[in-house]
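Please work through each task before reading its solution.

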Amino acid sequence: MTMRWPRLLAPWLLLALVGLGAAWLRYGLIEPPALAQLCTAARAPAWCALRQALVLGFLHEVYGVAAIGAAVLALLRRSPVLAWLAAASGAFALQFYNYEPGALALLVGCLRLVHLAAPGRQLPAGRSGRGRSPAG
């Protein structure tokens, strides 16, 4: 039972790291006015291209669309990786101004992760490899 805890906590800790990383990108790279002025100068640093790509991504709602796509895939497949991807992309989208699709993807991904990690989870009738019960 002790070995199960790291495996159960790992996706949640990684999800928290994604949220912190996205917050750092937003508040450390996108929001500061001094960096915006630096990137509009004639001799802008090379990392300003990354900043510009991040800004264009949230202006065109790329992060929200990607998060919704990951959430749909997580619902269609029984994959903890896809569930985590939906939650992580939703957290990223929330930080980058795509609130509605980001919140939905984060919720779907987290609920799917919890569902897939639930102990004693049984498959619905007809998917367990055995036929339906005589009563069903």
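Contact here means that heavy atoms lie within 4.5 Å. The model is predicted.

**Exercise 1. Determine which residues of α1 and α5 meet, and how the two helices are oriented.**

Solution. 

Step 1. On the α1 side, the contact residues are P11, L14, L15, V18, G19, A22, A23, L25, R26 and Y27. Their partners in α5 are W84, A87, A88, F92, L94 and Q95.

Step 2. Sorted by class, this contact of α1 with α5 comprises 13 nonpolar, two polar and one charged residues.

Step 3. The axes of α1 and α5 come within 9 Å and cross at roughly 20°. Because angles under 35 degrees count as roughly parallel, α1 is roughly parallel to α5.

Step 4. The crossing in which α1 passes α5 is right-handed.

**Exercise 2. Describe the packing of α4 against α5.**

Solution. 

Step 1. Helix α4 spans residues 62-76, and its axis is 8 Å from that of α5, at an angle of about 160°. Since angles over 145 degrees count as roughly antiparallel, α4 is roughly antiparallel to α5.

Step 2. α4 passes α5 in a crossing that is left-handed.

Step 3. From α4, the contact draws on Y63, G64, A66, A67, A70, A71, L73 and A74. α5 contributes L82, A83, L85, A86, S89, G90, F92 and A93.

Step 4. The contact of α4 with α5 holds 13 nonpolar and three polar residues, with no charged residues.

**Exercise 3. Characterise the largest pocket by its volume and its lining.**

Solution. 

Step 1. The largest pocket contains about 310 Å³ of space.

Step 2. Its lining has 13 residues, of which R7, L8, P11, L113 and A117 are the closest to the centre.

Step 3. Two or more lining residues come from each of α1 (4-30), α5 (80-95) and α6 (99-117). The largest share, five residues, belongs to α1.

Step 4. By class, the lining of the largest pocket has 11 nonpolar residues, no polar residues and two charged residues.

Notes. Residues are numbered from 1 along each chain as its sequence is written. This is a predicted model: local features need pLDDT of at least 70, side-chain atom pairs count only at pLDDT 80 or more; totals for chains, interfaces and linings use all residues. Side-chain values use heavy atoms; hydrogens and water are left out. On a 1 Å grid over the protein atoms alone, a cavity is a set of points where a 1.4 Å probe fits but cannot get out, and a pocket is an open set with protein on both sides within 12 Å along at least five of seven lines; lining residues have an atom within 4 Å of a point. Grid points are joined across faces, edges and corners, and a volume is the space filled by probe spheres set on the points. Helices (H or I, at least four residues) and strands (E, at least two) are DSSP runs, numbered from the N terminus. Ala, Val, Leu, Ile, Met, Phe, Trp, Tyr, Cys and Pro count as nonpolar, Asp, Glu, Lys and Arg as charged, and the others, Gly among them, as polar. Axes are lines fitted to C-alpha atoms, for helices over the stretch in contact, and angles run from 0 to 180 degrees between N-to-C directions. Angles under 35 degrees count as roughly parallel, over 145 as roughly antiparallel, 65 to 115 as roughly perpendicular and the rest as oblique. A crossing is left-handed if the near helix is turned anticlockwise from the far one by less than a right angle, and right-handed if clockwise.
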